[in-house]
Amino acid sequence: MMMSILLLLSVVLLPITGLAEPVLDSSALKAQSARTAPLTISEVLARIELTHPLLQAVGAERMKARAKILKALGAWEPQFKINTQAQRYETWNLTTARTPSLGLSPCAVGDPRPCDGIQPQVLTGGYNDSRLEVGHPWGFRVEAGLRSGFGDRGNNQGIAMPVDLLGFYSHQQFIVGGSFQLLRGLMINEEYATYQQAELAGPQAEIKVAQKRQDLYLAGAVQYWDWQVAVRQAEMVNRILTVAEERLVQVEGLAKGGKVSPLDVVEANQEVQKRRAAVIAAQRKVEYEQYKLSLFLWENNEPVTPRQEWAPEFQGETPLPTEEEIAAYKAEAKETRPEVRDLYLEAKLNNIDLKLAKNKLLPSLKLEGGPTPGVTDWVIGIGYRTGLHFEMPLFQREARGKVMAAEVAQQQLALKQQYTEQQVSFDVDNWLSAQVRARDRVVAATEALRLAKTLEEGERTRFNMGMTTVLFVNLRERNVVDSAYKLYRAQADYAVARGGMLYARGVLSKPWPTESLAKYGNPLTAAGAYGSQQPGRD
């Protein structure tokens, strides 16, 4: 009976024990479960470039840019048109007509013969046009094709027929036509402006990719160093917990021999419990930071949670840039930072709007010509028509308003550009300051940790000699932990400052080196890869 109860309790409590353990393994992580190599910052940035979903989402802007190009090109899409028209008409007052039933000759003007036999006729005529129409961005359209006539004209040879550009038989002719914008709309018009702006959608998409890339790179680097600080802090509190547990055993032995007070045992035990709580909190911090870091590490469409043993050691100090290099960094930032490049493109877009608005100040003068659309006109010989259309608003309010709006937008962009260039220049100075101060903190924190460890060792020696209490030893050890954390934090801030300088220069907006990407995936299919199909015609 007792064995059955124990077995039942073990079955009930087993799942609870399993849930208490941190769940870290996903399928992607299991594939790397045998990994022993440390996780480097280069790998983090390479995986962001290769597989990050947000970078993939922004990369889709390239296809949107291509769609805009294709949509704009539709304004001049070659179109094949077929048009069939038919009309019934009377020959009344058409002096070239005759009455077939009376057999009279045609009455001509001034002919002395009587024309009493002329009677109106009701006839049917029409044509079928098959033509190709093509437009051009400069504001003109041309068309050409073939017109084939049909109807009652075959039995009525007196009806006038067009004789220009005859086709393959008497009722067929070749047709040409077109329209030309001579003032307003020449070289610049609504459709051409839309196309020019659509051409800039490709560079705009690349700028969006660059902006998202540099933001993800910097965020991933900051999270990487935060994770490393948490791991190092957890290792430190685990070590001092082990020391406190060993001291508790030591103090309990001394208390049994009457060499120390029983209160020292309580003091040592209390310190052990405090440090156990600190270990639990540090482990929670590690798990929190590694989960956040996993959002920058993707494999097989799922995040990879890094293990604690993958954390490398902090890197050493690097030389600070010289004044000449800082000046070069500022010039580089004004050329390569996506924020500045985006304003340049906005200025180009606004210039197109300004040119279009100024073009609208011109009067409209349109020259057009082509085959006559009316069946009756064509039947009696009016084959082509030409026209010149002039139109101009008296006060030009719309055009002047558009010019004014474009000029104001131009002034606003100039001020934004001035501010943004100063902002990126400030970023270089700011991250240089952060790098210098973090380096100084590393130096001071290293010395503080060395002195704290010296005091800890001295206090521990005094305790072993019976010259001090457990309380002071604990205080010395806590001071070592605090000094170590400050050193780790300073080292992480120094690494972040170095990455921030790359961000300020605009280096992080460029793809990670191909040789690094090739270690973790295919560079050609990277989320933010260049070399995609260029916008334009198919």
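Biologist: Which residues in α6 meet which residues in α7?

Modeller: Q197, A198 and E199 in α6 meet A201, G202 and P203 in α7. Contact means heavy atoms within 4.5 Å. This is a predicted model: local features need pLDDT of at least 70, side-chain atom pairs count only at pLDDT 80 or more, and totals for chains, interfaces and linings use all residues. Residues are numbered from 1 along each chain as its sequence is written, and side-chain values use heavy atoms, without hydrogens and water.

Biologist: Why is α6 called roughly parallel to α7?

Modeller: Helix α6 (residues 190–199) and helix α7 (residues 201–256) pack at an angle of about 30°, with axes 4 Å apart. Angles under 35 degrees count as roughly parallel, over 145 as roughly antiparallel, 65 to 115 as roughly perpendicular and the rest as oblique. So α6 is roughly parallel to α7.

Biologist: How do you know that the span of α12 agrees with its 68 residues?

Modeller: The expected span is 1.5 Å times one less than the number of residues. For helix α12 (residues 397–464) that should be 100 Å, and its end C-alpha atoms are 96 Å apart, which agrees. G466 follows α12, with a positive phi near 80°.

Biologist: What makes β4 and β7 a pair?

Modeller: Two strands pair if DSSP finds at least two bridges between them. Strand β4 (residues 172–181) and strand β7 (residues 364–371) have four, in the antiparallel sense. F180 has L367 in β7 as its bridge partner.

Biologist: What makes β1 and β8 edge strands?

Modeller: The open sheet runs β1-β2-β3-β4-β7-β8, with antiparallel pairing. β1 (79–90) and β8 (384–391) each pair on one side only.

Technical notes
Axes are lines fitted to C-alpha atoms, for helices over the stretch in contact, and angles run from 0 to 180 degrees between N-to-C directions. Helices (H or I, at least four residues) and strands (E, at least two) are DSSP runs, numbered from the N terminus.
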